[in-house]
Structures are given as C-alpha cells and as structure tokens.
Amino acid sequence: MSLFKGFGGRLAPWLALLALLLAWEAACRLFKLPSFVLPSPSAIVAATAKVGFAGWVEHVFATLRVTLMGYALSILIGIPLAIALASSKLLSRTLYPLLVIVQSTPIVAVAPIIVVVMGAGDLPRVFITFLIAFFPIVVSCVTGLLATPEELVELSRSLGAPRSREYRNIRLPYAIPHLFSALRISITLAVIGAVVAEFVAAEKGLGYFINFSTSMFQVPQAFAALMMLVVISLVLFHLIGMLQKLLYPWSLPKGQPA
C-alpha cells in the first residue's frame, strides 16, 4: 500500500500537467481562439518543430552561457561579501543598506543604461544577470554564518583557532543549508536576468527570440521559447539540489528529497 502511495505521489504532478494541457487544448479548439491570442499546445509543438533543432540550440546555448556566467559571478562575489558582512558589524551597517537599494532598483529600468555604459557583447548581459542573482546568496549566507551557536565560536577562540579556521570549520558548515537554498533560488533568477538582458540588447538567445516572435505576432514560437526557459530553469534547479545531495547530504532536511 505504501509503495502504491509513493508511486502515485510521483505520478501526481505529471498527471496534473497532462490534465492541464488537455484542458488547454480543448479550450482553444472549443472557443476557436486565434493563435496570436492563446496558442494551443499542439500549435506550440508545431512551432517548436518549425524553428528546427539547430535554431533552438543556438538560442538555448546563448541564454545558458550568459546565465551560468552571471550565476558564477554572483557566487564568486556573493560568498566572500557575505563572509565580510558577517565578520564586521561596521561593514554590515555600511554596505547592507546599499545592497538593499541595488536589489530594490528595477533591473528592467536600469538594464538599458547598463548596456549603454558597458557597450555590446556579453559583459552587460552577464552583469545584469549578476545583479539579479547575487542578493539571495549574500543574505542567506550571512544568515547561515550568524546562525552558528555562540558556544562553538567561543570554544574555537579559547583554543586559539585563527579566524580563518573558525569560518572554514565552524561557521561555513552551519551556513551550507542556507547557502544551497539561496543557490537554488538564484539559479532561477539568473535565467530571468539573462532573459531581461536579452530583451534589451542581444542578437540571439531565448529572450531575444521571444521579443522578436511577439513583434512579428508569432505567438506560438514565443510560447515555445517560454517552455524552453521553464525546462532550463527546472533542470538547473534540480542540478543544484543533486549537487547538495552529493556533496552535503547531511545538510538536507529529513524527508526532503533533493
């Protein structure tokens, strides 16, 4: 009985998705909705085939490249910045409000300015992606570092352990669960950042393709690109979860799959 429940639980999301697609297809056919208003799933599949494998590979690779570059930059800057903020109250009081201001600024409004300042190429797109993705990493990592029990920190200091060892062996392990939660969120935000950047300035990529398709009223093609973005986000999200399960299985909550 428990096996049946477990199998049914795994199938439930797929069955719900299938039911949604069937209802979507039926509604489009029943109400005869134009494809430029709401394309049916079958029209989206036909548009996907029409673009061709080579065309999709080019756009997916362009978006994925910018996404991963911006995401890597957010990790390389975000984690050391979080350690610096957790180490100094003065630095935290000085920089944290500035980080909040940067995060509160609408990136869509700032993106054209960034492109004008930095010029064409991958640099402005990577920077826009970084701006969207780095904030959760900084905040969650600081939270995890400061969540370390004070008695462990005091014990480490009483034994004469250097500050670097305190962070490496005590604070960072406590921050791992918080950090991976942020990494999962940030990878999806990185995809959004890459698309926003491609809306502003790009000659290829899924964001560019959606913008171009909607301007030509090729809405099924735009939906096909949107589905590609959803798949990319889900795959990257689960890859981060698999990495956590592989490297730090102890950091996963009990009963929670990666």
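Modeller: Before we start, buried means under 20% relative accessible area, exposed means over 50%, and partly exposed is in between, with a 1.4 Å probe and protein chains only. This is a predicted model, in which local features need pLDDT of at least 70, side-chain atom pairs count only at pLDDT 80 or more, and totals for chains, interfaces and linings use all residues. Residues are numbered from 1 along each chain as its sequence is written, and side-chain values use heavy atoms, with hydrogens and water left out.

Biologist: Thanks! How many helices and how many strands are there in the protein chain?

Modeller: Helices (H or I, at least four residues) and strands (E, at least two) are DSSP runs, numbered from the N terminus. Along the sequence, the pattern reads α-α-α-α-α-α-α-α-α-α. The count is therefore 10 helices and zero strands.

Biologist: What share of the residues in the protein chain is buried?

Modeller: The C-alpha atoms fill a box of roughly 75 × 60 × 30 Å along the principal axes. The chain has 258 residues, and the buried share of them is 36%.

Biologist: For contacts with a separation of 6 or more, what share comes from residues 24 or more positions apart?

Modeller: Contact here means heavy atoms within 4.5 Å. Among contacts with a separation of 6 or more, the share from residues 24 or more positions apart is 70%.

Biologist: Let's turn to helix packing. At what angle do H3 and H4 pack?

Modeller: Axes are lines fitted to C-alpha atoms, for helices over the stretch in contact, and angles run from 0 to 180 degrees between N-to-C directions. The axes of H3 (residues 53-87) and H4 (residues 89-104) are 6 Å apart. Angles under 35 degrees count as roughly parallel, over 145 as roughly antiparallel, 65 to 115 as roughly perpendicular and the rest as oblique. H3 and H4 are therefore oblique to each other, and their angle is about 130 degrees.

Biologist: And by class, which residues make up the contact of H3 with H4?

Modeller: H3 brings Leu-81, Ala-84, Leu-85 and Ser-87, and H4 brings Lys-89, Leu-91, Ser-92, Leu-95, Tyr-96 and Leu-99. Ala, Val, Leu, Ile, Met, Phe, Trp, Tyr, Cys and Pro count as nonpolar, Asp, Glu, Lys and Arg as charged, and the others, Gly among them, as polar. By class that gives seven nonpolar, two polar and one charged residues.

Biologist: Which residues is Val-138 in contact with, leaving aside its neighbours within four places in sequence?

Modeller: In general, nonpolar side chains in soluble globular proteins tend to be buried together. Val-138 is among the residues with the most contacts inside the largest nonpolar core. Its contacts beyond those neighbours are Gly-78, Leu-81, Ala-82, Leu-85 and Leu-99.

Biologist: Which backbone nitrogen does the side chain of His-59 reach?

Modeller: His-59 sits in helix H3 and, at 9% relative accessibility, counts as buried. Not counting residues up to four places away in sequence, His-59 touches Lys-204, Gly-205, Leu-206, Tyr-208 and Phe-209. At 3.0 Å, its side chain reaches the backbone nitrogen of Gly-205.

Biologist: Now a loop residue: is Phe-217 buried or exposed?

Modeller: Phe-217 lies in the loop between H9 and H10, and its phi is near 60 degrees, a positive value in a residue other than glycine. Its relative accessible area is 64%, so Phe-217 is exposed.

Biologist: What is the phi of Lys-32 near?

Modeller: Lys-32 belongs to the loop between H1 and H2. At 70% relative accessible area, Lys-32 is exposed. Its phi is positive, in a residue other than glycine, and is near 50 degrees.

Biologist: Finally, how far apart in space are Val-45 and Leu-229, C-alpha to C-alpha?

Modeller: Val-45 is in helix H2 and is exposed, with a relative accessible area of 58%. In sequence, Val-45 and Leu-229 are 184 residues apart, while in space their C-alpha separation is 15 Å.

Definitions and conventions: A nonpolar core is a set of buried Ala, Val, Leu, Ile, Met, Phe, Trp, Tyr and Cys residues joined through side-chain atoms within 4.5 Å. A polar contact is a pair of N or O atoms within 3.5 Å; within protein, one must be able to donate a hydrogen and the other to accept it, and residues adjacent in sequence count only if both atoms are side-chain atoms.
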